[in-house]
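Please keep the sequence and the structure open side by side.

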Amino acid sequence: MSSTPHRYNLRKRTGGAAAATPSSSSRPTTRSQAKKDGAPSTTTKTKTPQPSSSSSDYKSGTNWVHEGGIEANPYLFVLIVVSPFLSLLLAYITSADMAERSMSLSWSVTHPLTQMLPACLSDVSTCISSTLSAGTSVLPTFDGAKLVLVFMFVGLVLEKLLPGKLDYGPETATGHVPKYIDNGVAHCFVYSLLFFLGSNIGLCGKEEERLVLPIIGNFAVCEMYTPYNFGVLYELFPSSLAFLNIFGIFFCIFLMFKGLYYPSTQDNGSSGSWVKDYLWGTELYPRVFGLDLKRFINCRFSMTYWQLAGFSFCYHSYVLHGNTMDWGLFFSALSQYLYLVKFFFWVNLYRLEFIVI
């Protein structure tokens, strides 16, 4: 691995469309062109010339931060900054903890979404302090962190063990052709089955709670294993979300430095700004021990969590309301699940290596 950052045909930016316009061509610099222009030599394997374009440096493969970056989207940048706190606040006001604590607070609302605005307008200073207090009260816990890490670990095991055909992504500007095992559909259904069977409504749960055939007896593994509540994603959602916010910060720092100093491919580089490098990334295909990190986080962990969370939340509501099904919530969870089943079926068509979620 190189000990110095590899900068692939990068140009410093000052912002705006004018700065994005190349002086001659937006095509990747070849070795002969580098010698002619006096630029650093970079070997690029291209089958066909790429058309000149001043609208998007990302498409031409010459810079990771194009005119869709911070300069052109200041509101997007603000959203990125405030989103971690906003996610914690929304998790809090929709949690059971909010309902319990609101009864003992001097400033409280029993229906946050319908009463919060009038309450804020009547006492702005208290509204601000209470909002900050509510958001910062959501803290990571050991159980929340364990849920996230175990969820990732199971996805990692399935990624390595599930069979699938070898597939290829589109060739990049540097000649790299990404390879991956196409096992997304198998991952989708196997993970769903494991999440169901390992819970209290699966094989090892109490007989009155199981949703499997009652003729199935107890298994030896059930003597050593205590099943988790199927609604665990709801129960630990605020604390696991708080852990994910912290995890995400350090993970992105790791990715930024990895792309600069230990890149997996030549499709990497710096924009010249630490802020841009952190927010927009420095590497197209980061891999660790052969694992495609972008595909694993986006298309395995995140999508599977999203897929199962709906049913987990629905089950919690079912138990909370005396085993009464909220059919609107159920069909919402079902539609979300089927939507993501379609995602796993179509993942090869969309070539998700180039989708940044």
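## Ground rules

Buried means under 20% relative accessible area, exposed means over 50%, and partly exposed lies in between, using a 1.4 Å probe and protein chains only. This is a predicted model, in which local features need pLDDT of at least 70 and side-chain atom pairs count only at pLDDT 80 or more, while totals for chains, interfaces and linings use all residues. Residues are numbered from 1 along each chain as its sequence is written, and side-chain values use heavy atoms, leaving out hydrogens and water.

## The whole protein

The protein has 14 helices and four strands; these are DSSP runs numbered from the N terminus, with helices being H or I of at least four residues and strands E of at least two. Of its 357 residues, 38% are buried. The accessible surface is about 20400 Å², with 67% of it belonging to carbon and sulfur atoms; such areas come from the Shrake-Rupley method with a 1.4 Å probe, and for residues only the protein chains shown count as cover.

Contact here means heavy atoms within 4.5 Å. Among contacts between residues at least 6 apart in sequence, 67% join residues at least 24 apart.

Let's follow helix H11, residues 237–261. Its 25 residues should span 36 Å at 1.5 Å a residue, and the end C-alpha atoms are 35 Å apart, which agrees. The expected span is 1.5 Å times one less than the number of residues.

The buried residues of H11 include Pro238, Leu241, Phe251 and Met256. Packed against the buried residues of this helix are helices H4, H8, H10, H12 and H13, together with strand E3.

## Aromatic pairs

The whole structure holds 22 aromatic pairs. Rings of Phe, Tyr and Trp (its six-membered ring) pair if their centres lie within 6.5 Å; planes under 30 degrees apart count as stacked, over 60 as edge-to-face and the rest as tilted. Phe237 and Phe313 are edge-to-face, because their ring centres are 5.6 Å apart and their planes stand at 80 degrees. Phe237 lies in H11 and Phe313 in H13, so the pair ties together parts 76 residues apart in sequence. Phe237 counts as partly exposed at 26% relative accessibility, and Phe313 is partly exposed at 27%.

Elsewhere, Phe195, Tyr228, Phe230, Tyr315 and Tyr318 form one aromatic cluster.

## Nonpolar cores

A nonpolar core is a set of buried Ala, Val, Leu, Ile, Met, Phe, Trp, Tyr and Cys residues joined through side-chain atoms within 4.5 Å. Which members of the largest core touch the most other members? They are Leu233 and Leu308, out of 35 residues. H13 gives this core its largest share, 11 residues. Leaving out residues up to four places away in sequence, Leu233 touches Leu147, Phe195, Tyr305, Leu308, Ala309, Ser312 and Phe313. A second, separate core of nine residues includes Ala91, Val138, Leu241 and Ala242.

Leu194 is found in helix H9 and is partly exposed, with a relative accessible area of 41%. Beyond its neighbours within four places in sequence, Leu194 is in contact with Val154, Leu158 and Tyr228.

Finally, have a look at two loop residues. Phe289, in the loop between E3 and E4, has a positive phi of about 55 degrees although it is not a glycine. Phe289 counts as exposed, at 82% relative accessibility. Asn323, in the loop between H13 and H14, is not a glycine but has a positive phi of about 55 degrees.
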